[in-house]
Amino acid sequence: MARTKRFTKRTISTNSNANELTSNEQEHNINSQLPTQELNSQPHDIVVHQQVPSAQSAPAHAASSTAQPTPAVAQSESVGDQSQDSNPRLRNPSQRTCNKYWVVDVLADNGEADEERLRVRDLLVLPPHKRVVVEWNEDNQPVGEAAGLFGGFLGHIACNPNIFPISYVRWPDVPKLYKDDAWHNTIKKIFVMDNDDHYHYCMGNMGKKWKDNRWRLANEIYEKDKSFQENLDLYPDGMTREQWASFLTYKTSEKAKKYSIINTANRAKQTIPHTLGSKLIARRKRELEIQEGRKFSRGEMYAVSHLRKDGNFINEEARLKNDNLTIEIEQANFEEEAFVHVFGKEHPGRVRGMGFGVVPSQIRRTSTSSASSSSSGPTQAEYDALKGELDTIKGKMVEFDTLKSQMALFMQNFVGQSPTNQVADLGSPGIRKSSHASHDPSDGPTISNQAPLPAKS
């Protein structure tokens with residue numbers, strides 16, 4: 001049966017482009033005809049040089065997902081225009097200088113970093129001895145222009161069925177073998193990645209885009225009024241028929257229909273869209289902090305992410321939420337409490353006003369440390385008072401020690417003037433002077449607990 005509907009996708013063929021792109025001028029003419037948004041955000045412009053792990057190492061149930069070989073990229077594609085202007089101007093690292101490419105720092109093997117202008121497609125022909133430097137903020141979120149380039153590249157990888165097949169129901173079901181292969185053999189060879197936090201961010205970001213890609217395929221290609229076989233014939237370019245069949249099997253199941261109803265209802269509850277587009281909140285926050293020279297709070301970023309260009313909120317509900325949030329922040333001790341009072345408890349895996357990559361546990365740790373640091377101010381006076389009391393006690397103890405020394409000296413002198421055979425242990429509580437001795441000094445001191453003398457007959 002002839003296909004009646006195909007998923008629009010542009011692939012770069014080695015043979016055709018090798019013949020057509022014979023000079024930089026021709027390449028510029030072709031690229032100028034492509035929409036800017038398509039070059040930088042759409043995940044279907046190009047196919048990544050990446051092969052799915054072999055069937056021997058992959059799980060048995062993933063064997064049917066092995067896709068056809070990926071077409072190679074034309075060698076005539078040059079890495080982005082790296083020529084410098086005759087009168088270069090200092091660029092603001094917080095803002096994008098051009099919507100056709102990203103100005104990023106590229107690190108060479110010798111440790112030297114150069115500024116280059118790159119597009120997502122240029123990363124696929126980047127020399128192997130060069131890697132793009134990505135800046136990360138304190139919450140382990142990418143920021144700066146490199147973050148935009150990085151996000152677009154992760155989208156291309158996540159939406160490539162040769163790397164991550166859509167035949168799996170959930171992102172956690174995708175074998176770790178595929179994820180680690182993309183991390184070590186693709187991402188780390190193009191970007192400078194340092195630790196496990198970067199790995200977790202990449203996996204979470206690609207998981208979201210992989211899920212969104214499945215949703216897009218279901219809405220743009222799958223037709224409910226057609227039979228399974230008719231939809232099967234509509235499998236997209238760049239994807240095997242077997243992989244599409246596995247996706248349709250789940251899509252037409254009762255479980256998928258049930259979740260579709262639930263997800264549709266939940267989506268309808270989201271009545272306050274943000275106005276940042278594809279830009280992450282972390283990137284916008286860094287831009288504002290560089291421009292204003294100060295830190296921006298979660299509450300401020302909520303207003304920023306829901307304002308139009310004319311300065312008005314996206315809708316009335318967003319304005320009311322912002323007003324209530326401002327009042328709660330002024331009355332509450334922490335922003336976390338204010339957000340909970342206005343919006344309710346945070347959902348697992350995300351935090352309002354912080355952007356992708358931040359989880360509630362990070363905010364709780366930050367709030368705890370902030371509470372500890374803020375509490376040190378009010379108790380400083382109490383600490384000084386206690387320290388003063390302690391110094392007073394120490395002074396009195398010194399005086400007591402001095403008095404004790406004087407008393408010991410006095411007792412030593414007193415004992416030295418008494419007869420040797422009449423020296424008494426004045427420290428013993430059971431020995432005291434008799435009253436007779438006090439009235440008759442000539443008899444000397446007596447011991448009160450001595451046995452009485454026998455009576456004279």
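The following dialogue examines selected features of a predicted model.

Guide: In this predicted model, local features need pLDDT of at least 70, side-chain atom pairs count only at pLDDT 80 or more, and totals for chains, interfaces and linings use all residues. Residues are numbered from 1 along each chain as its sequence is written, and side-chain values use heavy atoms, with hydrogens and water left out.

Visitor: Why is Glu-116 called buried?

Guide: Buried means under 20% relative accessible area, exposed means over 50%, and partly exposed lies in between (1.4 Å probe, protein chains only). Glu-116 has 4% relative accessibility and therefore counts as buried. Glu-116 belongs to strand E2, residues 113–118; strands (E, at least two residues) and helices (H or I, at least four) are DSSP runs, numbered from the N terminus.

Visitor: What joins the side chains of Glu-116 and Lys-130?

Guide: They are joined by a polar contact of 3.0 Å. The term denotes a pair of N or O atoms within 3.5 Å; within protein, one must be able to donate a hydrogen and the other to accept it, and residues adjacent in sequence count only if both atoms are side-chain atoms.

Visitor: Why is Arg-294 called partly exposed?

Guide: Its relative accessible area is 38%, so Arg-294 is partly exposed. Arg-294 sits in the loop between helix H10 (281–292) and helix H11 (298–304). The side chains of Arg-294 and Glu-300 form a polar contact of 3.1 Å.

Visitor: How are two packed helices described?

Guide: The description uses the angle between their axes and the distance between the axes. Axes are lines fitted to C-alpha atoms, for helices over the stretch in contact, and angles run from 0 to 180 degrees between N-to-C directions. For helix H5 (residues 176–190) and helix H6 (residues 196–220), the axes come within 11 Å and cross at roughly 115°. Contact means heavy atoms within 4.5 Å; the residues involved include Trp-183 and Ile-187 of H5 and Cys-202 and Met-206 of H6.

Visitor: Why does Cys-202 count as buried?

Guide: Cys-202 has 0% relative accessibility, so it counts as buried. Cys-159 is likewise buried, because its relative accessibility is 6%.

Visitor: How many disulfides does the rule count?

Guide: A disulfide is a pair of cysteine sulfur atoms within 2.5 Å. By this rule the count is zero.

Visitor: What share of the chain counts as buried?

Guide: Of its 457 residues, 36% count as buried. The chain contains 16 helices and five strands.
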